[in-house]
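Reader: I'm new to this one. Can you walk me through it?
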Amino acid sequence: MASVATDPGFLLSTIGKGVNWARTRSMWPATFGLACCAIEMMGTGAAHNDLARFGMEVFRASPRQADLMIVAGRVSQKMAPVLRQVYDQMAEPKWVIAMGACASTGGMFNNYALVQGVDVIVPVDIYVPGCPPGPQSLMHGILTLHEKIMSGEIQRSTGIF
């Protein structure tokens with residue numbers, strides 16, 4: 001009789017790794033497109049770039065159905081409370097990607113009307129640089145987020161484990 005460790009028919013892993021694998025393969029993004037970066041985000045979901053191969057083919061309009069918020073573009077002071085409300089309505093675990101220079105740091109708009117980085121409103125997990133970043137850059141950011149979740153670098157408390 002072969003041992004469990006050497007038998008190729010057995011798959012050994014931890015429950016946490018299995019849960020993280022499932023989370024990365026079933027992310028549903030909530031769109032929060034505010035400016036020109038939103039056009040590039042839409043292009044990422046188009047057929048040429050095909051986010052469906054990562055299990056993300058449907059952008060959710062309801063925050064209650066989403067677990068990834070992609071903030072694409074500049075955030076005004078008036079929009080900041082709305083962004084926070086959408087974030088608070090998302091189910092745990094949830095992640096945030098700041099797409100573009102304006103979402104990350106305010107970009108070239110250094111004035112009182114715009115938030116100088118969305119990380120003062122919501123916790124940001126991945127920053128995607130560029131003005132505007134292309135679809136390949138956003139896909140790289142999403143895959144980097146997947147790697148961080150799989151490695152356990154990003155932990156979210158759900159109360160399950």
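Author: Start with the contacts (heavy atoms within 4.5 Å). Of those in the chain with a separation of 6 or more, 76% are between residues 24 or more positions apart. One caution: this is a predicted model, where local features need pLDDT of at least 70, side-chain atom pairs count only at pLDDT 80 or more, and totals for chains, interfaces and linings use all residues. Residues are numbered from 1 along each chain as its sequence is written, and side-chain values use heavy atoms, with hydrogens and water left out.

Reader: How many helices and strands does the chain have?
Author: Five helices and four strands. These are DSSP runs numbered from the N terminus: helices are H or I, at least four residues, and strands are E, at least two. Along the sequence the pattern reads α-β-α-β-α-β-α-β-α.

Reader: Now L145. Where is it found?
Author: In helix α5, residues 135–151.

Reader: Is L145 buried or exposed?
Author: L145 counts as buried because its relative accessibility is 0%. Buried means under 20% relative accessible area, exposed over 50%, partly exposed in between (1.4 Å probe, protein chains only).

Reader: What is L145 in contact with?
Author: Beyond its neighbours within four places in sequence, L145 contacts M27, L68, W95, I97, D125, I126 and I154. W95 is 50 residues away along the chain, with 8.5 Å between the C-alpha atoms of L145 and W95.

Reader: Switching to α1. Which residues are buried there?
Author: N20, R23 and T24, in a helix spanning residues 15–24.

Reader: And what do the buried residues of α1 pack against?
Author: β3 (95–99) and α5.
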